[in-house]
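Thanks for passing this one along. Here are some notes to read with the structure open beside you.

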Amino acid sequence: MEKESGLDTNNLKLIFRHISDLIFLIRVVDLQHYEIEAINEGYLAHYQTTKKNISGKRIEEFLGVDQGIKAIRRFQEVIIRKETLHFEEAYTFPEQGYRMFDITLVPIIEENTVANLIGTAKDITEKRINEEQMVQSEKLSVVGQLAAGIGHELKNPLTSLKGFLKLIDSENSNQDIERYIKVMDTEFNRIEQIIDEFLILAKPNKIHFSHYRIDHIIEEVIELLNAQANMESIVLTTEYPDIPSQVYCENNQLKQVFINIIKNAIEASRDGGRIFIKIATNEEHIQVSIRDHGEGISQEDIDKLGSPFYTTKKNGTGLGLAICKRIIDKHKGRLQIDSSVGQGTEITVILPINFT
Ligand SMILES: Nc1ncnc2c1ncn2[C@@H]1O[C@H](COP(=O)(O)OP(=O)(O)OP(=O)(O)O)[C@@H](O)[C@H]1O
Ligand SMILES: [Mg+2]
């Protein structure tokens with residue numbers, strides 16, 4: 001048998017010496033005392049530990065008193081239970097420093113007593129560090145996305161506030177009010193700056209689905225965005241069906257979808273452009289299309305739309321369409337994008353009227 005598997009003494013010695021995990025044989029003197037009978041030096045040599053004669057030493061001499069006691073507790077557990085023990089434990093060595101090990105202790109039972117223990121210890125320090133870093137970076141990216149999403153949603157109402165302020169400013173001739181407007185403008189800019197620099201982390205509002213008239217949702221969005229459109233002499237025109245339709249939705253989220261899409265349309269349009277917003281319905285679906293005559297999007301770039309942080313704008317966060325997609329998904333709907341460079345873009349939101 002031994003020959004067949006090639007495990008003669010020389011080969012065993014070779015394996016024992018060079019294997020990179022720590023393998024050791026412990027002699028159980030009594031429940032309190034343990035000696036290292038053999039230890040492979042492969043692992044230790046990896047750290048250029050000078051070849052010390054560890055064999056025959058008490059466990060405390062190798063690990064130090066405190067760590068020795070820690071190891072002895074484990075040995076005792078194996079002896080009392082007469083079972084293999086598997087655990088993870090950290091040890092610190094003068095040359096290697098802090099290392100985390102995945103340890104297995106196997107009792108060798110002779111005449112019903114544990115005479116020896118065989119241990120293997122795999123150094124998992126790097127693995128653990130990598131895992132922790134991964135968890136950390138995942139956490140960070142979730143937090144980052146949340147914060148960015150909320151920051152983004154704050155920007156829209158802020159933009160309309162700034163728009164209204166500009167309107168008031170242009171129609172005002174009162175010196176006192178002029179001063180207030182200046183203060184408000186500075187404050188608004190400050191808010192915007194804070195949002196930009198530190199995107200606030202907060203819990204999203206509770207979502208509440210109900211039936212809402214789609215034309216009312218669009219009207220509210222237009223009211224919000226008209227100020228921004230007016231500033232750039234862009235006209236928003238609408239076309240609604242004769243019979244109003246209701247959609248089962250979370251109205252604030254759906255508003256957010258149309259705000260983001262119409263804002264993009266405004267940003268893509270030249271001064272004096274026109275944006276058409278059309279609602280069409282059939283028995284199952286409501287379609288809202290937003291068409292602009294702006295710069296358009298190349299076929300290649302259409303595929304990138306909706307991935308978080310994809311933006312071609314200097315001050316864009318690239319979250320507008322990603323948020324839209326997420327919300328539309330929740331409504332079991334879909335987003336259709338038709339565009340050609342130089343001609344303009346049509347974005348259609350298709351929503352089921354009812355879904356469970
Ligand atoms: N109507 C449109 N016309 C042309 N390009 C568009 C249009 N809508 C979206 N895009 C392109 O898609 C990109 C991503 O849009 P998205 O709304 O996700 O982010 P953004 O507008 O760049 O930034 P923000 O987070 O401020 O909305 C834009 O940068 C732009 O290149
Ligand atoms: Mg956008």
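The points below take up the pocket, the cavity, some salt bridges and one glutamine.

1. A word on the source: this is a predicted model, so please read each point with that in mind.

2. Let's begin with the largest pocket, which has a volume of about 1100 Å³. Its lining counts 43 residues, and K263, N264, E267, K313 and G316 lie nearest the centre. The elements that give two or more residues to this lining are α6, α7, α8, α9, β10, α11 and β12.

3. Where does the largest pocket lie relative to domain 2 and domain 3? Both domain 2 (125-204) and domain 3 (206-352) give residues to the lining, so the pocket lies between them. By type, the lining divides into twelve nonpolar, 19 polar and twelve charged residues.

4. Two of the residues nearest the pocket centre, K313 and E267, also pair with each other. Their salt bridge has its closest N and O atoms 2.5 Å apart. K313 sits in the loop between α10 (299-302) and α11, while E267 is in helix α9, so the bridge ties together parts that are 46 residues apart in sequence. K313 is partly exposed at 33% relative accessible area, and E267 is partly exposed too, at 34%.

5. K255 forms a salt bridge with E220, with 2.7 Å between the closest N and O atoms. This pair joins helix α9 to helix α8 across 35 residues of chain. K255 counts as buried at 16% relative accessibility, whereas E220 is partly exposed at 39%.

6. Also in helix α9 (residues 251-268) is Q256. Is Q256 buried or exposed? With a relative accessible area of 8%, Q256 is buried. Leaving aside residues up to four places away in sequence, Q256 touches E153, N156, I323 and I327. Q256 and I323 are 67 residues apart along the chain, yet their C-alpha atoms are separated by 8.3 Å.

7. Of its 19 lining residues, F24, L63, A71, Y91 and I103 lie nearest the centre. β3 gives the most to the lining, with four residues. The lining divides into 17 nonpolar, no polar and two charged residues.

8. Finally, the structure holds 18 salt bridges. One of them joins R27 and E35 (3.4 Å, N to O), and a network of salt bridges links R27, E35 and E37. R27 is partly exposed at 35%, as is E35 at 22%.

Note on methods: Residues are numbered from 1 along each chain as its sequence is written. Chains are lettered from A and ligands numbered from 1 in the order in which they are written. This is a predicted model: local features need pLDDT of at least 70, side-chain atom pairs count only at pLDDT 80 or more; totals for chains, interfaces and linings use all residues. Side-chain values use heavy atoms; hydrogens and water are left out. Buried means under 20% relative accessible area, exposed over 50%, partly exposed in between (1.4 Å probe, protein chains only). Contact means heavy atoms within 4.5 Å. On a 1 Å grid over the protein atoms alone, a cavity is a set of points where a 1.4 Å probe fits but cannot get out, and a pocket is an open set with protein on both sides within 12 Å along at least five of seven lines; lining residues have an atom within 4 Å of a point. Grid points are joined across faces, edges and corners, and a volume is the space filled by probe spheres set on the points. Ala, Val, Leu, Ile, Met, Phe, Trp, Tyr, Cys and Pro count as nonpolar, Asp, Glu, Lys and Arg as charged, and the others, Gly among them, as polar. Domain bounds come from an automatic or database domain assignment. A salt bridge is a side-chain nitrogen of Lys or Arg within 4 Å of a carboxyl oxygen of Asp or Glu.
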